[in-house]
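Biologist: Before we discuss the terms used for this model, could you show me the sequence and the structure?

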Amino acid sequence: MTKKSLIDQLKTEGKHFVPDIKDTILSNIPRQEKVHKHILIWQPKLAMALMLLIMITFGISLLPKSESYPTVVTLNINPSVEFSLDQNNQVTSYRALNLDGAVLIESYDLVGSDINQALDTLINKAYELGYATDTSTIEVAAYNQRTSTEEKVNQALKAYFTNRITISEVDQDTLDEAKSLNISPRKLLLIQQILATHDDYTFDQLVKLDVIALNEIKMAYIANEIDLLKDKVTAYRAGLENKKALLEVEVNTYIQTLTADINNLKSLYETDMIAFSLAYQTFSTTYFPDATIPILPAVQYQRVLNLESRLSDYQAYLQAQVSSMYQLWLTKFNAHLVDTHADLDILATLELPNVGIQGLAKLASFVDANIKEQVFLEIADRLNTLLNDMPNDAGHAYKRIVDTLYVEFMLYYESDDVSQTLKDSTYIQTIITNYQNTKEN
Amino acid sequence: MFDNTKLKYAMRDLKKGNNNAMDYIYDVTNRMVYYQIYQIIKRRDISEDIMQDVYMKVLKNILKYQEQDQPKSWILSIARNEALNQYKRMKRETVVDIDTLNQKSYDQTASPIIDLASHILDEDEFIIVMSCVVDQKTRKEVGKILNLSTSGVTFKLNVALDKLKNQLEGGTKHD
């Protein structure tokens, strides 16, 4: 007997060697109602036959052209954003996949942008807001039903961003597995990521979903929460704008009152010197509580005239203070959103800043200060506000804006443009002490 | 062609309670399971019963299945244990030697060469012959399931075929 005849005989005998008892075995197993779509998963040949039938029945022209498969790109920093692209890799739509993502994209319109530009914009913004740091991993993945297109887009992104982003590499095993499953390799990776963290899904369920639906599962996407966040952010910002408008009114009223008081003093000086001196004492106590009151009415009057000459500057200074304060509120609010990951419950308890004209005025400091000292004081005011408002559990983003402002503050503090008297003032020294305490804590 | 990835996912699905996955699991494993059982038991009627028990045991023990396990190897180990347990029971329950009971003229059965192979080949050799020759699986694929290298499978296959050939020709080359 030759080996060949032995093999032939084994093959012949083997044809009916294994009994067909599948039905018997499966009948003993409690089963779920079978979904017809499963056939497509487990029986690719049958699926292809069905597809062929559909093509013959309805005509090939009804099928999508191979080049029209949309590409989906996801950016994951922790803010997660998903882009849909056209064939030219331009953004046709995009959305946040989580609350941080909603914060990241809220001020942009990226539709029509090249994907590289769109990603660039958001990555830079993520650094600016404090979501990303030098040690952050920025993951980008492009998905397309066609494996070749998917790979091409991923390679293009990698070439553009080089080591600024991480693109998951697909090894040969994954490529082979994906091919055998008739899905793209990165879709397979996405499914595997979901299965690793979500026990309530099966491969059978996930493989039928598109990348957009898979992303929603992966990120526990909740559209309602994102909408709610948008509403809350809009409402809070509107509250800040309203607060700013009220402060501007307060500034104007304050200047009007100050102007009236100065005019009254001037009038009294010309008509009733004793009444002037008495009125000046009240004026000085009100606006310059720490100042020594000169004895001679002429000196007092000179001070009034000096103040009058700087009144418009002072008004401009206060208005700039309001704008600056408003920007600070916005920055603080963004830092809050970043540090709390836009937690809706925490956001609901966030109150509007309680700042009135008394927090801005500082007329005495202004009168004594030169222009550079005024800028220094304005920075000191912002820093003081941030330090006083710093929450006990202040996060990375909040601390970052404090540190940035402190560097700016110290530039002036260490320069000769600021007088030693101002540097040594209780106000400035308290700010420095508070900052150092914060760092130590 | 056998798809290990699909089988892994089917196992995972079964683990998550999707019993429908058993359809696919059975389809891609039943032949090897049967070979494993038959090599030990050497009786078709009992092998069929054990095969049913094996798949019930797969379902019962699916939570013990680990992702890193080779699914076919895991199922085959269940089949082997079930077959060995049954073999021991059969030995206890009968005074007649089980080998004696099975001793019959091989040419009187429907598959004399396979029956002979089950007697003279060891477990690996029998499964390799059945998988590579009868089912025409690749040696690489079979090696993966049996935890052997491709060259190891090739070697064992050649040894097994020589053993069979010699036995049929009355020789004792490899005995």
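Modeller: Let us begin with chain B of this predicted model, where, among contacts between residues at least 6 apart in sequence, 59% join residues at least 24 apart.

Biologist: What makes two residues count as being in contact?

Modeller: The test is that their C-beta atoms, placed from the backbone, lie within 7 Å. With that test, residues 24 or more positions apart account for 60% of the contacts in chain A with a separation of 6 or more.

Biologist: What is the secondary structure of chain B, read along the sequence?

Modeller: Chain B follows the pattern α-α-α-α-α-α-α-α-α, with nine helices and zero strands. The secondary structure of chain A, by contrast, comes to 21 helices and four strands.

Biologist: What makes a residue buried, and what percentage of chain B is made up of such residues?

Modeller: A residue is called buried if 20 or more other C-beta atoms lie within 10 Å of its own. Buried residues make up 41% of the 175 residues in chain B, and they make up 27% of the 441 residues in chain A.

Biologist: Why are α18(A) and α21(A) called oblique to each other?

Modeller: Helix α18 (residues 371-389) of chain A and helix α21 (residues 426-440) of chain A pack at an angle of about 40 degrees, with their axes 10 Å apart. Angles under 35 degrees count as roughly parallel and those of 65 to 115 as roughly perpendicular, and α18(A) and α21(A) are therefore oblique to each other.

Biologist: Which residues meet where α18(A) packs against α21(A), and of what class are they?

Modeller: From α18(A) come Ala380(A), Leu383(A), Asn384(A) and Leu387(A), which meet Ile428(A), Ile431(A), Asn434(A), Tyr435(A) and Thr438(A) in α21(A). By class, this contact of α18(A) with α21(A) has six nonpolar, three polar and no charged residues, with Tyr counted as nonpolar.

Biologist: How many residues does each chain bring to the contact between chain A and chain B, and which helix supplies the largest share of the side of chain B?

Modeller: The contact takes 35 residues from chain B and 33 residues from chain A. On the side of chain B that touches chain A, at least two residues each are supplied by α1 (4-15), α2 (22-41), α3 (44-60), α6 (112-120), α7 (123-134) and α9 (150-169) of chain B, and the largest share, seven residues, comes from α2(B). By class, that side of chain B has 18 nonpolar, seven polar and ten charged residues.

Methods:
Residues are numbered from 1 along each chain as its sequence is written. Chains are lettered from A and ligands numbered from 1 in the order in which they are written. This is a predicted model: local features need pLDDT of at least 70, side-chain atom pairs count only at pLDDT 80 or more; totals for chains, interfaces and linings use all residues. A residue is buried if 20 or more other C-beta atoms lie within 10 Å of its own, exposed if 12 or fewer, and partly exposed in between; C-beta atoms are placed from the backbone. Axes are lines fitted to C-alpha atoms, for helices over the stretch in contact, and angles run from 0 to 180 degrees between N-to-C directions. Angles under 35 degrees count as roughly parallel, over 145 as roughly antiparallel, 65 to 115 as roughly perpendicular and the rest as oblique.
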